Amino acid sequence: MLRENQVLAATKTEGTHMKVVITGNMGYVGPMLSRHLRATHDDLTLVGYDTGFFGHCTTGVQVLPEVRMDTQVLGDVRNFPPHLLEGADAVVHLAAVSNDPMGQRYEQVTEEINYRASRRIAELARDAGVARFIFASSCSMYGAAEGAPKREADELNPLTAYARSKVAMEQALAEMDLGDMVATALRFATACGASDRLRLDLVLNDFVASALATGSIEVLSDGTPWRPLIEVRDMARAIEWGITRDADTGGQLLQINAGSDQWNYQVKELAEAVQAAVPGTSLSINTDAPPDKRSYRVDFGLFKSLAPEHQPKISLEAAIDGLRTGLTMMGFSDQAFRQSHLVRLQVLESLQAGGQLDAALHWLHRS
């Protein structure tokens, strides 16, 4: 029941036993990562550590995704317990205040979690003798970036608290004495696709949900901003590569764009692709809107050269189809989905309004 029907088709890797600690595993990416690792590795101990904000936000599953974990611990990464790292071979650090709207609403918390707590966990991992540290970074740090697609050595221009926190953590890794630890900062393109904990506050996911629930897509910008995207299962493949990467492939610290050159799209192209996939959908684009400064194309050539066996495989059309199929099977029809539990900021604000979280996103009680 845990691992048989819903795993990705993959070739399993036989080898020595590994213990992998995944922070923030009860979010959008974590369930798909644990599913992928169980499909591809025979001898693996998975330990999850998550605060549980979104544990109830499962979609289209009959059991909690955390049944794939050998151990699941609930706790705040700001108080991460060092003993969980004993005997660990790799740490995958997903935990974060995870998008621009949340970063704007909780700016100080974003710095505390995405930077300060993340830096401490990396230091604890190094001190515990962990061999691999994988940090889920973001291409959003390129911000307003005209001209050629951005490479890793190009200037960063973070425009939001979320992007600035990712830059700060990468700088901390660069300044840190890593000891013998190999660290990989995966600068992910914008996530998309179906998940056991689906988010609809991501551009492609939002468009598909809107097409299904309302029969229309409204692009609030003029549609011209560029966005690189990556499907969540391909994110899991990139993380798997980071877990196994040696220092002779990219260096002890590697800061690398994770995605595919084929997935650089303008927002209007994404909307048009969804419109084509959901017949009868109307599309409106606000051509009079002021320019959205968050526009960047990204060069993923380094990732292609260093990780040829872990390249993205899922096309835009397949990602849209997976979302459409999953939402349809859920009976999704909520026209007010942007105010629902499928939007992460709404979940946090609801928990805070209900007296379960304080302003700094600490649990007050769980009743």
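Me: Are Arg78 and Asp76 buried or exposed?

Reply: This is a predicted model, and in it Arg78 and Asp76 are both buried. Their side chains meet in a salt bridge, with N and O 2.8 Å apart.

Me: What is the general idea behind such a pair?

Reply: Side chains of opposite charge can pair when their charged atoms come close. In this structure the count comes to 18 salt bridges.

Me: Which residue forms a salt bridge with Glu111, and how exposed is Glu111?

Reply: The partner of Glu111 is Arg116, and the closest N and O atoms are 2.8 Å apart. Glu111 has a relative accessible area of 29%, so this residue is partly exposed. Arg116 is also partly exposed, because its relative accessibility is 40%.

Me: Where does Asp127 stand, buried or exposed?

Reply: Asp127 is exposed, because its relative accessible area is 57% and the cut-off for exposed is over 50%. This residue forms a salt bridge with Arg126, the closest N and O atoms being 2.9 Å apart. Arg126 has a relative accessible area of 25% and is therefore partly exposed.

Me: Which residues are linked in a network of salt bridges?

Reply: Such a network links Arg35, Arg68 and Asp196.

Me: How do side chains point in a regular strand?

Reply: In a regular strand the side chains alternate between the two faces of the sheet.

Me: Which strands are joined to β10, and do they run parallel or antiparallel?

Reply: Strand β8 (residues 190–192) runs parallel to β10, and three bridges join the two. Within this pairing, Cys192 has Glu231 of β10 as its bridge partner. Strand β12 (residues 264–266) runs antiparallel to β10, also with three bridges. Here Pro228 stands opposite Asn264 of β12.

Me: Which residues make a nonpolar surface patch?

Reply: Val63, Leu64 and Val67 make a patch of about 200 Å². Val67 lies in the loop between β2 (44–50) and β3 (71–74). Val67 counts as partly exposed because its relative accessibility is 30%.

Me: Where is Pro82 found, and which residues does it contact beyond its neighbours within four places in sequence?

Reply: Pro82 is found in the loop between β3 and β4 (90–93). Leaving aside those neighbours, Pro82 is in contact with Arg120 and Leu124. Its relative accessible area is 43%, so Pro82 is partly exposed. Pro82 and Tyr115 are 33 residues apart along the chain, and their C-alpha atoms are separated by 18 Å.

Me: What is the mean pLDDT of the chain?

Reply: The mean pLDDT is 92, and 95% of the residues reach 70 or more. Over residues 1–11, however, the pLDDT is below 50, and this stretch has 15 contacts in the model beyond near neighbours in sequence.

Conventions
Residues numbered from 1 in each chain as written. Predicted model: local features only at pLDDT ≥ 70, side-chain atom pairs only at ≥ 80, totals over all residues. Heavy atoms only, no water. Pairing = 2+ DSSP bridges. pLDDT = per-residue confidence, 0-100. Contact = heavy atoms within 4.5 Å. Patch = residues over 30% accessible without salt bridge, like charges linked within 9 Å, V, L, I, M, F, W, Y side chains within 5 Å. Areas by Shrake-Rupley, 256 points an atom, 1.4 Å probe, with all protein chains shown as cover. Salt bridge = Lys/Arg side-chain N within 4 Å of Asp/Glu carboxyl O. Buried < 20%, exposed > 50% of the residue type's maximum accessible area, 1.4 Å probe, protein only.
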